[in-house]
Amino acid sequence: MRYWGFLAAKLIVASSIVWGLWRLLYRLLPPPQTFMSHRVSRFGQDLPWTLVSFALFLFACGLLAAVLLDQKYRCRTCLRRLRMPVMAGSWPNSFLRGAPKIEYICPYGHGTLGVPELQIAGREVASWRENEDLWTELERQNGSG
């Protein structure tokens, strides 16, 4: 629940930034003059308005993509950025162990995110795997070996 709440908060902040820029655009660029008591639409008729609104749209799309990409690489438990990308698997052994992927790990050991290296069969989603106590398990394996 905390993970989705953080995403909602980031989306609210991003949308308020875009809305503020939109209001600033309305304030800075004057409306077109009326012609014979007919008010002309701004979009498509006024070149500076159209170009700036198009740039604002591109900025909003880029901001949304950045928010979603940042959220993808966050821990589902503690919301910290995932670290330590490690290649898992290989193409010669793909029939035995599956296609290669890049695994990211939470610095506090809450879980790992497996992102497919190459998407062959359509859209493959990243898989999140929670760990009970990853660091003690790794220390146990390292101490016994």
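Predicted model: local features only at pLDDT ≥ 70, side-chain atom pairs only at ≥ 80, totals over all residues.

User: What share of the residues in the chain is buried?

Analyst: The accessible surface of the chain is about 10,900 Å², and carbon and sulfur atoms hold 63% of that area. A residue is taken as buried when its relative accessible area is under 20%. Among the 145 residues of the chain, the buried share is 23%.

User: How many residues form the largest nonpolar core, and which residues does Tyr104 contact beyond its neighbours within four places in sequence?

Analyst: In soluble globular proteins, nonpolar side chains tend to be buried together. Here the largest nonpolar core has eight residues, namely Tyr73, Cys75, Cys78, Leu82, Tyr104, Cys106, Leu113 and Val115. With neighbours within four places in sequence set aside, the contacts of Tyr104 are Tyr73, Leu82, Arg83, Met84, Pro85, Gly111, Thr112, Leu113 and Val115.

User: Is Asp70 buried or exposed, and which residues does Asp70 touch?

Analyst: Asp70 belongs to helix 2. Because its relative accessibility is 19%, against a limit of under 20% for burial, Asp70 counts as buried. Not counting residues up to four places away in sequence, the residues touched by Asp70 are Lys10 and Arg81.

User: How far apart in space are Val67 and Leu11, C-alpha to C-alpha?

Analyst: Val67 is likewise placed in helix 2, and its relative accessible area of 10% makes it buried. Beyond residues up to four places away in sequence, Val67 touches Leu7, Lys10, Leu11 and Ala14. Although Val67 and Leu11 are 56 residues apart in sequence, their C-alpha atoms are separated by 7.2 Å.

User: Is Phe43 buried or exposed, and which residues is Phe43 in contact with?

Analyst: Phe43 sits in the loop between helix 1 and helix 2. Since its relative accessible area is 56% and the class begins at over 50%, Phe43 is exposed. Leaving out neighbours within four places in sequence, Phe43 is in contact with Trp49, Thr50 and Ser53.

User: Which residues lie nearest the centre of the largest pocket, and how do its lining residues divide by type?

Analyst: The largest pocket has a volume of about 190 Å³, and strand 3 (residues 111–116) gives the most to its lining, with three residues. Of the 10 lining residues, those nearest the centre are Lys72, Arg123, Glu124, Val125 and Ala126. By type, the lining divides into five nonpolar, one polar and four charged residues.

Terms used
Residues numbered from 1 in each chain as written. Heavy atoms only, no water. 1 Å grid on protein atoms, 1.4 Å probe; cavity = no way out; pocket = protein on both sides within 12 Å on 5 of 7 lines; lining within 4 Å. Points joined across faces, edges and corners; volume = space filled by probe spheres on them. Helix = DSSP H or I, 4+ residues; strand = E, 2+ residues; numbered from the N terminus. Nonpolar A, V, L, I, M, F, W, Y, C, P; charged D, E, K, R; others polar. Buried < 20%, exposed > 50% of the residue type's maximum accessible area, 1.4 Å probe, protein only. Areas by Shrake-Rupley, 256 points an atom, 1.4 Å probe, with all protein chains shown as cover. Core = buried A, V, L, I, M, F, W, Y, C linked by side-chain atoms within 4.5 Å. Contact = heavy atoms within 4.5 Å.
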